[in-house]
Amino acid sequence: MNTFARTAGLSAALAALIATAATAQDGKTVIAVSIPAATHGWTGGVVYHAEQAEQEIEAAFPDIDVVLKTSPSATAQVSALEDLTASQEIAALVILPFTSEELTGPVEQVKAGGTFITVVDRGLTDPSIQDLYVAGNNIAVGANTAEYLAEQLGGEGEIVVLRGIPTVIDDERIQGFTEVIDGTNIKILDIQYANWNQDEAFTLMQDYLAKYPHIDAVWANDDDMLLGVLEAIEQSGRTEIRYALGGNGMKDIIEKVMANDPVTPISTPYPPSMIKTAIYMTAAQFHGQAPVRGTVLLDAPLITPENAEQFYFPDSPF
């Protein structure tokens, strides 16, 4: 369920003034979308859903022009913002920053021109710049997974954990997970970074398997890493590992859930489709007099065989 942390509105007259001031020469309201390129599975999903939103919104609202730019690095994204603002006046910017620190200043400059700012996933270092923030609930991703695992293990056992990269996103997932586990008799044998990378997770899981003769379960806080974990377990021939769980809702993992896989029976969503939610909400700011402000956190309910189809996008790369 989406929840608004805070909501305030512009008057219809002010919204109309902004829309009029920031339109393309053909009279269309321009919404620029700046996102990372498809450098791995999750960002591939972001690109897919952003492209879907662009097509659907332009078809539904002929007065809106969505301009989508992808960038392979933070430096490239800064350049993309410069190009977007130099070539046209934009009414709104929807941005998933490559990195928070490097993009905060450039986005602030765009904001100074009167542009509506929607930030997705990775927050800026100065939250006051954004008008709208859309993200997943990373603490819930960790906590809901831990609660399921603790229940299935009866509050006992020995587990290993794979972290992503040193970011707020990773910190929050680990926080949510460990706070639940700390209230049980489950012991975390080891917890190390695998950088949200399948190959690195495969290597780290091999190390865990060599180091620990008994492991009851594994949590990789991202599904790209989970694929590497599952491959390492399969190659090892170890049979005592009851659960290997991840997070983010990759379609390969959702398929396992739908098939009632005994080792990976659930997942938790951190959907790349949040970019689509953000673009639609931004479009509402300028079409239909539905001004929006505030924070939207997408919940992270357990994905189970009963509800998995709701989270399954077979055409998406993720």
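Helices (H or I, at least four residues) and strands (E, at least two) are taken as DSSP runs and numbered from the N terminus. The structure described with these elements is a predicted model. Its chain averages a pLDDT of 89, and 92% of the residues score at least 70.

The domain assignment gives two domains, with domain 1 covering 11–136 + 272–287 and domain 2 covering 138–258. Six residues from domain 1 and four residues from domain 2 take part in the contact between them. The C-alpha centres of the two domains are 34 Å apart.

The largest pocket has a volume of about 760 Å³. Two or more lining residues are given by each of α2 (41–60), α4 (100–112), β6 (132–136), α5 (138–152) and α6 (168–181). Helix α6 supplies the largest share of this lining, four residues. In total, 34 residues line the largest pocket, and those nearest its centre are Asp-121, Arg-122, Thr-167, Val-168 and Ile-169. By residue class, the lining divides into 14 nonpolar, 14 polar and six charged residues. Because domain 1 and domain 2 both give residues to the lining, the largest pocket lies between them.

Asp-121, one of the residues nearest the centre of the largest pocket, is placed in the loop between β5 (116–120) and β6. With a relative accessible area of 4%, Asp-121 falls under the 20% limit and is therefore buried. Beyond its neighbours within four places in sequence, Asp-121 is in contact with Trp-42, Leu-96, Tyr-133, Val-134, Ala-135, Ile-169, Tyr-270 and Met-274. Among these partners, Ile-169 is also listed with the residues nearest the centre of the largest pocket.

The second largest pocket has a volume of about 370 Å³. It is lined by 20 residues, of which Pro-269, Pro-271, Ser-273, Gln-310 and Phe-311 lie nearest its centre. The lining of the second largest pocket comprises nine nonpolar, nine polar and two charged residues.

Most residues other than glycine have a negative phi. Asn-248, however, has a positive phi, near 115°. Asn-248 is found in the loop between β10 (243–245) and α9. Its relative accessibility is 4%, so Asn-248 counts as buried. A positive phi, near 55°, is also given for Asn-260, which lies in the loop between α9 and α10 (274–286). Asn-260 has a relative accessibility of 54%, over the 50% limit, and therefore counts as exposed.

Helix α9 itself spans residues 251–258 and contains Glu-255. The relative accessibility of Glu-255 is 35%, a value between the limits of 20% and 50%, so this residue counts as partly exposed. Glu-255 and Gln-52 are 203 residues apart along the chain, and their C-alpha atoms are separated by 22 Å.

Conventions
Residues numbered from 1 in each chain as written. Predicted model: local features only at pLDDT ≥ 70, side-chain atom pairs only at ≥ 80, totals over all residues. Heavy atoms only, no water. pLDDT = per-residue confidence, 0-100. 1 Å grid on protein atoms, 1.4 Å probe; cavity = no way out; pocket = protein on both sides within 12 Å on 5 of 7 lines; lining within 4 Å. Points joined across faces, edges and corners; volume = space filled by probe spheres on them. Nonpolar A, V, L, I, M, F, W, Y, C, P; charged D, E, K, R; others polar. Domains from an automatic or database assignment. Buried < 20%, exposed > 50% of the residue type's maximum accessible area, 1.4 Å probe, protein only. Contact = heavy atoms within 4.5 Å.
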